Amino acid sequence: MGRGGVYPRPLITRCKRHPKEKSLSQVKENRTRGEIRPVLAQRYADGWGVGAKRGRLQPSASPPFAATRRQVSVEKPMSQYPERLILNVGPQHPSTHGVLRVVVELEGEVVVRCTPDIGYLHRGIEKLMEARTYQQCLPLTDRIDYLAGSANNLGFVLAVEKLLGVEVPPRARYIRVIIAEMTRIASHLFWLGTHAHDLGAMTPLFYAFREREQLMDLFEAVAGGRLFPCYFRIGGLARDLPDGWTTEVREFCRTFPDKMKDYETLLTRNPIWIRRTRDVGVLTVDEVLDYGLSGPVARGSGIAWDVRRADPYCGYEEFDFVVPVGQNGDTYDRYLVRLEEMRQSCRIIEQALDRLPEGDIAVDDPTITYPKKTDVYTRIESLIQHFLLVEEGIRVPEGEVFHHTEAPKGELAFFIVSDGTSRPFRVRARTPSFVNLQVLSKLAEGRLLADLIALIGTIDIVLADVDR
Amino acid sequence: MTAVYIPALIYLAVTMGVMAVILFLSARIGRRRVTREKMLPYECGMDPLGTLEIHFPIKFYVVAMIFIIFDIETVFLYPWAVVFRDLGWFGFVEMLLFTAVILIGLVYLFRKGALEWE
Amino acid sequence: MTEAVTNTGGDWLRLIVGLILVLIFSQLNALFLVWLERKVAGHIQLRYGPMEVGPHGLLQTIVDGIKLVGKELITPFKADKKLFVIAPVLVFMPVLVPFLVLPFGPELIIRDMNVGLLLIFAFSTFSVLAILVGGWASNNKYALLGAIRSVAQNVAYEIPLLLSVMSVVLMVHSFKFSELVMAQQRIWFIFLQPVAAIIYFICATAETNRAPFDIPEAESELVAGFHTEYSGMRFGLFFLAEYTNMFIVCAVATSLFLGGWHGPFGFSLGIPGVVWFLAKTYFLLFVLMWFRWTFPRVRFDQLMNFSWKVLIPLSMLNLLVTALVLKFV
């Protein structure tokens with residue numbers, strides 16, 4: 001049985017053409033040209049590596065950071081370095097945070113060269129979206145960064161709403177902020193646990209997951225899903241908050257800073273932790289800007305770039321919070337920045353809860369919002385409205401839109417091209433992990449193998465976010 | 001003279017016997033099926049890249065060499081420790097000088113950077 | 001030397017009974033320690049640990065052991081077969097010999113050799129060799145790196161270990177365990193030699209490859225380190241040897257610094273010596289586990305530097321100060 005038997009129906013039903021593209025072949029060419037292949041050096045492809053098949057990994061002419069490489073490691077056959085060991089770290093490795101593969105050249109314990117190879121978790125989400133209505137795209141965004149599902153939902157719905165030109169009611173806006181900040185805490189907690197685990201401290205993981213579990217339960221209460229809540233809708237929210245939910249969240253915000261002391265006790269002033277993280281992976285301001293890094297990775301180096309503050313959305317300008325920045329730009333500073341961000345997120349949640357108004361949770365527009373279920377059964381207009389929204393989807397006016405948000409891992413942006421139908425012509429997700437991962441080679445070269453693991457952790461990547 | 005160590009040898013032999021039984025049992029009970037993927041050396045799910053026949057950095061040999069020197073010096077100190085009381089001040093000063101030489105050697109190694117890893 | 005000549009029948013009986021007891025004890029002890037480790041980890045990490053097999057999961061490790069025996073023994077392609085097979089044997093072979101001289105109680109030393117302490121150190125060095133052989137023979141890069149790390153680490157921590165123990169030997173003038181313990185009847189050596197005790201314990205942690213010095217098998221870096229390619233009972237032997245070695249270093253620490261079978265300050269409180277000994281040893285084992293689940297792992301260069309630049313000079317100074325004080329007292 002071939003693959004055709006497994007998928008009897010092609011997933012992508014039609015091929016759309018951009019007005020400027022003449023023929024189908026040109027469409028193909030244009031689409032593949034922009035694709036970024038993992039950078040692997042020529043010599044793996046040329047068979048120095050036993051397992052590398054010729055031509056499978058595309059060699060790159062010059063990596064963007066060629067100039068920073070040590071001169072000796074450029075374009076010389078491996079036989080000249082008999083002391084070098086080529087090691088695969090990943091994809092099946094305990095601490096590459098998923099399926100990252102890093103090809104490492106070692107001299108003893110020192111990493112002389114390191115090449116990340118990505119794509120093991122590529123699901124083609126951007127392409128899949130082209131065949132789906134905007135509402136159907138939403139569950140896909142959950143899976144971009146599966147540790148911060150709601151943050152991705154938020155980025156996508158805000159972009160679509162920008163294109164539609166609608167503004168959600170205040171209650172929905174505040175709830176979105178609450179959920180997004182809770183997601184940030186959950187994501188940072190996960191990072192904290194795994195990062196500590198990578199450095200050999202196995203216990204903080206369980207403490208961090210204890211709190212994360214509370215958040216997951218809260219997500220479940222509000223949306224039914226834990227990792228993939230998919231609670232936001234274009235034009236509002238799926239449903240209103242359940243009774244007593246806000247009290248639970250308040251309780252969480254009240255106790256959480258105390259519980260953070262557990263992590264601080266185990267790590268912040270632990271001499272081994274400090275030695276493992278301080279002066280490891282130092283990023284200067286220039287490097288951050290050159291590589292286009294964002295999120296805590298950028299803030300750890302002292303760049304106070306936070307989209308919530310720099311280009312507020314969802315009414316973030318109303319809230320009083322601090323954008324923490326580091327001084328040295330090393331792993332320890334990024335650790336402190338993330339810890340502080342969790343506290344600030346707590347503050348934002350509390351403020352949002354204080355101001356949470358009563359009212360609608362979605363815009364009152366029959367072409368965007370689903371009618372009430374009871375109306376669908378009793379009123380013909382609502383039935384037709386429901387039918388049209390499900391069958392045809394939300395018609396989005398023709399145009400292009402770019403909207404960026406501050407996801408837990410950095411700047412998450414969606415670029416959507418609409419051709420006036422109810423399905424996006426092209427969606428591009430600028431995910432923070434993908435951009436931040438670039439700097440790994442630069443940071444790891446010349447450091448020890450153990451530092452490489454620490455660096456993968458400090459960049460805080462999720463491979464689903466890198467590969468999409 | 002060597003008879004003292006006979007018990008130790010007996011213990012070694014018995015342990016060997018026990019292990020032989022365990023491994024034999026294990027080899028008999030455990031199933032055996034050879035597949036290519038299973039028999040490949042583990043390298044994170046990829047076919048191994050490159051070769052293992054590499055020269056290991058000289059650093060490790062340097063450390064091994066330093067160790068041997070220090071270890072022998074430490075072993076020299078052991079008999080001294082046992083008869084320390086009988087040796088009197090002469091033994092003490094003698095060993096003081098000996099240890100001083102070792103410490104100077106250690107300082108020299110630091111200065112030379114023999115123990116720097118990066 | 002004299003006792004060698006007087007090998008009477010009673011001596012042999014003692015040896016054989018001791019052997020059987022040691023065989024049973026060492027196996028049960030290793031299984032118990034594995035269980036204890038999982039329990040300690042569980043409770044530190046807000047979990048229960050094993051709970052299913054037997055009361056509080058006590059039989060879990062026995063079941064695991066049986067499972068390991070039934071597992072396939074995999075030898076990877078291109079591995080050096082002979083060395084690969086021999087390594088687990090080599091690692092487990094010497095772990096029973098130290099029991100010969102360990103002083104469980106005043107009358108519970110199987111053979112009180114006058115080189116007791118040296119015998120233990122001599123045999124404990126075997127495990128490094130086994131790790132090197134196993135890691136080298138696996139034809140696996142992670143295993144090779146783990147093996148090399150292990151050698152570098154053990155080499156670095158051997159010296160301060162020996163030096164710190166020497167301070168105690170200097171005070172007792174003997175390697176005989178019975179004499180070492182007897183000398184602590186009134187006051188334990190940990191109060192007279194606190195620096196040596198701490199250095200010994202740090203080095204012992206490193207020698208047994210325990211966290212925070214577990215870099216030879218650093219899970220998050222080297223996956224499983226030197227035993228990456230080992231499966232079934234071959235892995236089981238590495239595992240059992242590690243836990244038995246833990247017991248041995250803790251037992252030695254108890255005899256050298258915590259007064260062996262003596263109660264504190266000469267008060268035995270009517271408790272038998274062997275209970276004191278085991279209680280103190282298991283307390284130290286608990287501390288080792290506590291370390292593991294609390295500390296992050298040190299980095300390779302930090303580990304080496306710590307030994308060469310801190311522990312070795314410190315232990316040498318400690319030795320000199322001890323000698324000086326002994327001269328004047």
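User: How are α5(A) and α6(A) oriented to each other: roughly parallel, roughly antiparallel, roughly perpendicular or oblique?

Analyst: This is a predicted model, in which local features need pLDDT of at least 70, side-chain atom pairs count only at pLDDT 80 or more, and totals for chains, interfaces and linings use all residues. Residues are numbered from 1 along each chain as its sequence is written, while chains are lettered from A and ligands numbered from 1 in the order in which they are written.

Two packed helices are described by the angle between their axes and the distance between the axes. Axes are lines fitted to C-alpha atoms, for helices over the stretch in contact, and angles run from 0 to 180 degrees between N-to-C directions. Angles under 35 degrees count as roughly parallel, over 145 as roughly antiparallel, 65 to 115 as roughly perpendicular and the rest as oblique. Helices are DSSP runs (H or I, at least four residues), as are strands (E, at least two), numbered from the N terminus.

Here α5 (residues 134–142) and α6 (residues 149–164) of chain A pack at about 150 degrees, with axes 7 Å apart. The two helices α5(A) and α6(A) are therefore roughly antiparallel.

User: Which residues of α5(A) and α6(A) make the contact?

Analyst: Two residues are in contact if their C-beta atoms, placed from the backbone, lie within 7 Å. From α5(A) come A:Tyr134, A:Cys137, A:Leu138, A:Thr141 and A:Asp142, and from α6(A) come A:Gly149, A:Asn152, A:Asn153, A:Phe156 and A:Val160.

User: What span is expected for α7 of chain C, and what does the helix reach?

Analyst: The expected span of a helix is 1.5 Å times one less than its number of residues. Helix α7(C), residues 141–172, has 32 residues and reaches 46 Å from first to last C-alpha, close to the 46 Å expected. Just after α7(C), C:His173 takes a positive phi of about 60 degrees.

User: Is α7(C) largely enclosed or largely exposed?

Analyst: A residue is buried if 20 or more other C-beta atoms lie within 10 Å of its own, exposed if 12 or fewer, and partly exposed in between; C-beta atoms are placed from the backbone. In α7(C), 31 of the 32 residues are buried, so the helix is largely enclosed by the rest of the structure.

User: How many residues do chains C and B give to their contact?

Analyst: Chain C gives 58 residues and chain B gives 54. The largest share of the chain C side, 13 residues, comes from α7(C).

User: How many helices and strands does chain B have?

Analyst: Chain B has four helices and zero strands. Of its 118 residues, 19% count as buried.
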